[in-house]
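Have the structure open as you read along.

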Amino acid sequence: MQSIPYQAPASVSEAVALLGSDAEARVLAGGTDLLVQVRGGVRKPSAWIDVKRIPDLLGVSVEGDSIRIGAATPAAVIFEHPELQRLVPGVAEATDLIGSTQIQGRATLGGNLCNASPAADTTPALIAVGAQCIVAGSGGEREIAVEAFATGPGQTALAQGELLVAVRIPKPAARTADAYLRLIPRTEMDIAVVGAGVALTLGDDGTCTQARVAIGAVAPTALLLEEAAAALVGSRVDDDALARVAAAATAAARPIDDKRGTIAYRRKVVGVLAKRAAAIAANRAQER
Amino acid sequence: MAVVVFSSALAQHTGGAGRVEIEAARVADLVKALCERYPGLRGHIDKMAVAVDDEVHSDARFVRLKPDSEVHFLPRIGGG
Amino acid sequence: MSERKFKQVGTRPIRHDGLEKVTGRANFGADYSLPGMLQGAVLRSPHAHAKIVSIDTSPALEVEGVKAVISGRDFPIPTREGDRQQYGDVPDLANNVIARDKVLYHGHAVAAVAATTIEAAQRGAEKIRVEYEVLPPVLDIESAIAPDAAILHDDLVCQGPAPVPSSPTNVARRTLLSGGDIEQGFADSDVVVEREFTTPMVHQGYIEPHATVVETLENGNVTIWCCTQGPFAVRGLTASVTGIELSKIKVIPSEIGGGFGGKTTIYLEPLAVELSRRSGRPVKLVMSREEVFRATGPTSAGRVRVKMGARKDGRLVAAEVVMYYEAGAFPGSPVGAGCMCALSAYCFDHFVIDGYDVVTTKPRVAAYRAPGAPIAAFGVEQVVDEVAERLGLDPIELRLLNAVQENDVAPYGPKYQAIGFRETLEEARKHPNYSATLGPNQGRGVASGFWFNAGLQSSASVHMNEDGTAIVTTGNPDIGGSRAAQAIMVAEELGIGAEQVVPLVGDTESAGYTDLTGGSRTAYATGMAIIEASQDIVRQLRERAAKIWGVELDGVAWEDGRAVPSNGAASDVEPLNLAEIAAQMGATGGPIVAQAAVSPPMAGPGFATHLCDVEVDQETGKVTVLRYTTVQDAGKAVHPSYVEGQMQGGAAQGIGWALNEEYIFDENGVVENPGFLDYRMPVASDLPMIDTVIVEVANPLHPYGVRGVGETPIVPPLACVANAVAAATGKRFTDLPISPPRVLAAIDGD
């Protein structure tokens, strides 16, 4: 067996110090992406820094006007969290789509973000709800908007020695709701061919007052779509507005042709999913 | 005498004859006699499965023929 | 036979190997280990088509821990006797196990290393220097048969009826079946439908990768542990490839995590044998999933053109089917079987079936569940559907009008004996699935299928324990619940419960010769040997009772697991049960053991009819299977749960083949999706509960009427799903897989 040194720090500062001293060390959370990559010879880390014993990285809490999800919190803990399901159902359903039941017991939210796959399911859902990444480094903490966190396939805005500690989601305002949809040819155990997350707020008369639309798996990183959001704001989220959301999503997509889908297919279907997610979010907001 | 029914593919080697009557006790004897009568069949029918009276054998050499037996040669198949 | 009242046959006892399997205790191929064992790694070709100019294996030996390294030149030169057999001859097999002069697909084995750790073995393999002269890849049927195609095998001359090419070619064999006058047949038809279909290369997708452990002794004896459908096949083929005497090889089959035909041949065993011989240590070789995809058992990609004519009254008149199947690197696609199955469900007065076996620089195909039949049925059963549509007839009605029955002549020559095709159609028509209400964007498909059951050779031994229980040993690895079925057959004859019989899978030295678990033959052929041996045991039990009672054999009958007096003899004695007779074995003649061997003809064909309801998302092209029903003639279901399991499993594999599975090759012939993430087999949540209806039309060749059931269920689903999608969308899908992009493009008219 190949042997890789392993350390399990108990605090963020300890982890940051370890990461700062070894550029090739990798943070290990659930390991559902990393261990596969190491076994496949794609990565050869010099050391594992296991962050699952750092209390600050674990659990979901709702305090004041924000929701905080520790970066090493497993997917199952997130989507089974009743308050989270109520507040940000789109984020919960995106987390529930990762892998399979067994994988969801291990895979973490932070891992999904740091793996920086263009097709990561939680990313568009988190962008839609305006989530921020809380990052710790030797100089203290900083926040990075989720849409700026991944900078390319497998690349993040983390500097050497920095650790993703948690994700902070603003607690949704009244009559605000979100939704996430993805397309896979199967029903589970697959990677999104396209994904779309939408969060929106409805006024008392049913007019959309705020919206965020994000799409995944159609560009090197997930995209936040200003134009699609603009199509919703001021509308009653009717068929005409939804058609403009779809058109905006299709226009913004810059997908590739690969074994998982074609350019033409991804462009069409990202529009379909964006409009469907917007309709679901609007229905949810209506009921609040 | 046993009757041999040839597929159109095998009939290319029998001068077009589709049904041939031949005297033989066992399939091996029948194959030998056929190859003598139609040398073009050699290397073909000796490697095929054989149906004797509608029962298909993958190796039929020693299957006994009745005076009125009907014989077909078929491609061998493999199963999964 | 039909009057026989069964007591055990048709019951559903818990499988004997169930506890070990559900608790993870059962040993599969990779679970074996021996003291001092080395780990092996295989170096594989980075090119789809190349000459091996030179191989220098010596740098591998410089890696610490490496104990042996081999290449193709370390094996005897394979010699060819006669022409190539339909399923590939030994030289082809040997050249597939390890390339000698030429690599013929990306992933083709070229060398192997054994070392003290897997990492050292892999490092050693990386050090081997191979110089290749790269040749153009040949990646589809069109380019393989083109006049200027790169030729894979300089000595490959096409076999089969004229006209075929006489110079070296990539077409290995032509199969031609015909009857009547095809032109007249089409002229007599009121409706003619003609379409061309394609199917991609797909893998069996067994969950357990190939694995073997080999130990060699100083006296040359070799023991092979491996997962296989046929330990005797592994012994014979390994002997041929390595040149070791067959009697020096012992093969011990592990439990098997699926095979579906893909484990009827060998890949790793000769390499491990040679590495073990050179190192003097046991050697283990285990494939990764990627190696399984790149270098083992897919089934053919196919191109099938079907032209079919019918009269207004629904009578099918004429059909012409032209099929090209890719064999991969070496001849031996199942196109011959495809030809025999293509039109065998219906009566055609006029037909031509023309099949071509084509080599391409892709992995060598291996058997896959009803090899060749699903590809043919994908075309034929869709055209039958379209004929019904054009005539305004119900698709089951059209099939019933034309279905073959006993004494009809099959297109391949002989007449059918008793078969249950019509019964499957009638049951399907009665099934609630066929009348369930369909909503918007939903559609229903029907398709039927046909497959043979192999006979081949089987043996079985049964012996009694002194407490009256029994043990049955065969040489068939249990791939689909055969242990339970075998115990039931012994129990039926002896008149005891199935749980009182221990079914064993023997190795090549403890079981009599038995052909592989495959070809839907085990319950049928090995079952016949088991029944015969069990009947011999019953005769011996009666003899022992006769001895105890002091009467002649005919004074003892066997009823419900007991010897009872008959013919007026010894009427005052109490019946003797099995345990009482077994307890007196020593005094009555010694142990009670029996064995039997059979080599029966092929069993009567098995027919199935499937129903499928789908819903198509008009905006994404995604197909959801809502309902699926399988109806099949099992002859006699020995353990109905395992018959139903075969029907459901075959349907599930066929649905995957229809909707999403495909090998995706790049322009260099490299498989881009060699893993289950991107080779999209269905997962459990993709499928509805698959309903099953077992029809029992007794097979006249088997004492219980058993037909094999394992393969037929994969024949109808490809066309059944396609017919359902056609009904839901109004578009005909002639190319597999019917994946979301393809469906959406058709809906949008792109």
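How many residues of domain 1 of chain C are in contact with domain 3 of chain C? The contact involves 13 residues of domain 1 of chain C and 13 residues of domain 3 of chain C, where contact means that C-beta atoms, placed from the backbone, lie within 7 Å. On the domain 1 side, α7 (231–242) and β12 (249–253) of chain C each supply at least two residues. That side has 7 nonpolar, 4 polar and 2 charged residues. The C-alpha centres of these two domains of chain C lie 41 Å apart.

This is a predicted model: local features need pLDDT of at least 70, side-chain atom pairs count only at pLDDT 80 or more, and totals for chains, interfaces and linings use all residues. Residues are numbered from 1 along each chain as its sequence is written, with chains lettered from A and ligands numbered from 1 in the order in which they are written.

| Domain of chain C | Residues |
|---|---|
| domain 1 | 32–135 + 208–257 + 263–295 |
| domain 2 | 298–406 + 426–452 + 607–747 |
| domain 3 | 456–598 |

Now to chain B, where an open sheet of 5 strands has mixed pairing and the order β2-β1-β5-β3-β4. Strands are DSSP runs of E, at least two residues long, and helices are runs of H or I, at least four, numbered from the N terminus; two strands pair if DSSP finds at least two bridges between them. Because β2 (19–22) and β4 (55–57) of chain B each have a single partner strand, one side of each is left without a neighbour in the sheet. Strands β3 (residues 49–52) and β4 of chain B run antiparallel, joined by 3 bridges; B:Ala51 has B:Val56 in β4(B) as its bridge partner.

Terms used. Domains from an automatic or database assignment. Contact = placed C-beta atoms within 7 Å. Nonpolar A, V, L, I, M, F, W, Y, C, P; charged D, E, K, R; others polar.
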